[in-house]
Amino acid sequence: MTDKTDFLNGNVACAEGALAAGCRFFAGYPITPSTEVAERMALRLPKVGGVFIQMEDELASAAAIIGGSWAGARTMTATSGPGFSLMMENIGYATFTETPIVIVNVQRGGPSTGQPTMAAQGDMLQCRYGSHGDYSVIALSPSSVQEMYDLTVKAFNLADRFRTPVFLMTDETIGHMREKITLHSNVEIIPRRELKEGELPCAPDENGVPGFGTFGMGHNVHITGLTHNEKGYPATDSAEIHEKLVRRQVRKIEDFRNEIADVDIVNPDAELVFISYGAPTRTVRQLLNDNPDTYGHLNLRIVWPFPDESLLAFKNAKAFIIPEMNLGQIAKEVRQHTNIPIVVVPKLGGALHTPAELLKAVEVAKTVKKPVTEVRL
Amino acid sequence: MKSEIRFSGLGGQGIITAAVILGRAAALYGGKHVVQTQSYGPEARGGASASAVIISDDPIYYPKVTDPDVYAIMSQEAYNKYGSHVKNDAVMLLDPGYVTSRPACRFFEVPATAEAKSQLGKTVFANVIMLGGILEATGIVSYDALEHAVLDSVPKGTEENNKRALAIGQELVRSQL
Amino acid sequence: MNLEDWYRQDRLPHIYCAGCGNGTILNCTLRAVEELDYKKEETTFISGIGCSSRAAGYTSSDSLHTTHGRALAFATGLKLVKPRQHVIVFTGDGDCSAIGGNHFIHACRRNIDITVICMNNNIYGMTGGQGSPCTPYGAISTTTPYGMQEQPFDLCKVAEAAGANYVARWTSFHVKELTEAIRVGLETPGLSFIEVMTQCPTSFGSKNKMRQVTQMLDMFRDNAVLKAKADRDAAKGILPSPEKFVVGQFVRRNNPPLGVEAAK
């Protein structure tokens, strides 16, 4: 088999990436602007021995893919803002039961029903913090149709490696635009590690991750969303077990934040440095292309866990300019890791930042002294 | 070399399909860098429809069309929205059956809907006639590339009529050159 | 395997209050599973949240204790990926019909091939006795201190109308009949819904003049009307008195199920 090229939109590319990664179960609920992912999976999964099901809501979609994952399949759902809010309950369940799943959020304008057909990046903090309790997640952000495919594959591998929900935090711009894409005949698959005989189902290995006791394999595991001991049994009264469990689950991801970092670092000697992810990366790259060797750029393909050490690559940085299609959600995270002044460039309403708008932010950044400055476009 | 092409008209005219076919032709059979986008939302349900293609020799970063070089306009409403303030060196193809205004730039009248109905029996071929016209007016892709992309995209059994549609569009523009 | 093998011995004793009927229902379920000679690796128990849902933790095969009301959605995903698994869901009246009501009707509509055992104690037991959609009209609970002012669900009628292939109701008093109904439910392709009226002496009986466990069991025995008798009475135009409820098999049919392994 050879690689195939095609001309696809981002949502379809995401579905193809999932299939290439071996995803064989998809549960979803229609919602703009993510629906093409579900439609493609409905068309393709039965042809590769998989199952597609349209559930009654997004609560059920998230639940069904968790159930499917425990049955041993790579599973995925796709949604957008309001549906993402409904999934928060079972996202918490998946993190606490260490269930590998992939959740695609094709972000649109919020809050509430907001702008169903318009792009946004307003769910980045919800993705990190939206379910109750302390936990950590992995979130990826593609900025091209090719990356919709490649990062979906990567999402499945990370989900299995870390036994955690992984989010593909894309947006309407990337989900709906068409570009040329290479569909690889072979993609790298890193399978989840099956529970070994004699190993306790919730006891961590040297990476802080327990073996996965796939249902129906004779492991006879008990999986619960209650605080549990290493056998998997409820232990809700023990402060010690609870704290150890929560800290271990956070650390198994955060300790690897720089190891799994997936970033582009461009012009590290520059004084004015853009930080972006997703669709705004396209505008930043346009500006860098039109003004060679002028600006630095940190593009994040993995946003969570935040790869803080990559900020250190920009040794001469006088300002970080952060265009986001929200009011500065990742800028807040950057602020926690640096004393270099930050220029926040929010854009709401659905349109992508234009190159001219980023130049306006550059002018502000040239003289910025305050720790955080917002540019009103 | 970079070109921006804007398609606009009414829902059901194949405005988005036309942009996807042109994008596919340039990307898969023309060796170009291409980004195709379209309007979604209430305006894409039944009423107005708009789509765009950027075709470039170099990688395309900013994916949105800003100042198109080529327009294909198939409704007066679309003309009012996109066609009334075009740059002077743009080229516009318009369907005179729907559009009464005429732009300041170079333009071609391509009665795609009427010709599709009279020559091919169905108005569904109008968008491919428009594509034939764009090919003739701009040479933005090769004929072979466009034909490939059309044949990839259309239902089985309609290949011959679609090839004829391309030729009709080419001829309508050629006669005005 | 014998019955004891189906219990996760190192998790016993269970958390159920003295006199609770849930242990009886778990026992009937595991007896039916044992009678059918199911293999552990082919049997999965799934539950939501509440007293009923702790039952999954006491079974010795794979079990998934999920979120409140959502067990049927988890079960749907698991069954579709592994159709060979026998999937049994434990739920309660609040879990199944309040927070999980939508999942309940859709699981029945899909006729997904799982067996649902609903322990209906007319109350939210785990949280201390609040009213549920199955609290009888007029009954006292901590959130209906002046008596329930809403009509309760008839869960069996809901399941039947929504499309379940097998629907039955028994009580924790009718141990033999219940075990048989679960066995038939397990053997019937499609969704099998078995509602079990059960006593919560701690939170329901104590507030509703049935402080003793025996009073509640006597009530089940005295008020349960067999389906055949109820049908005969109805044919004669005899109206059921309000404290009575019908037990027995309401429907067993052969509509196309979901999640059954395709015949090879």
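Contact here means heavy atoms within 4.5 Å. By that rule, 18 residues of chain B are in contact with 21 residues of chain A. This is a predicted model, in which local features need pLDDT of at least 70 and side-chain atom pairs count only at pLDDT 80 or more, while totals for chains, interfaces and linings use all residues. Residues are numbered from 1 along each chain as its sequence is written, and side-chain values use heavy atoms, without hydrogens and water.

Between chain B and chain A the buried area (accessible area, 1.4 Å probe, lost by two parts on being put together, summed over both) is about 1,800 Å², and carbon and sulfur atoms give 61% of it. The interface has 1 salt bridge, a side-chain nitrogen of Lys or Arg within 4 Å of a carboxyl oxygen of Asp or Glu. Its partners are Arg24(B) and Asp6(A), at 2.9 Å from N to O. On chain B, helix H1 (15-29) and strand S2 (33-38) each supply at least two residues of the side that touches chain A; helices (H or I, at least four residues) and strands (E, at least two) are DSSP runs numbered from the N terminus.

Strand S2(B) also runs antiparallel to strand S9 (residues 178-183) of chain A, joined to it by 2 bridges; strands pair if DSSP finds at least two bridges between them. Gln36(B) is the bridge partner of Arg178(A).

Within chain A, the peptide bond between Trp304(A) and Pro305(A) is cis, with omega about -5 degrees. Pro305(A) sits in the loop between strand S14 (302-304) and strand S15 (319-324).

Key:
Chains are lettered from A and ligands numbered from 1 in the order in which they are written.
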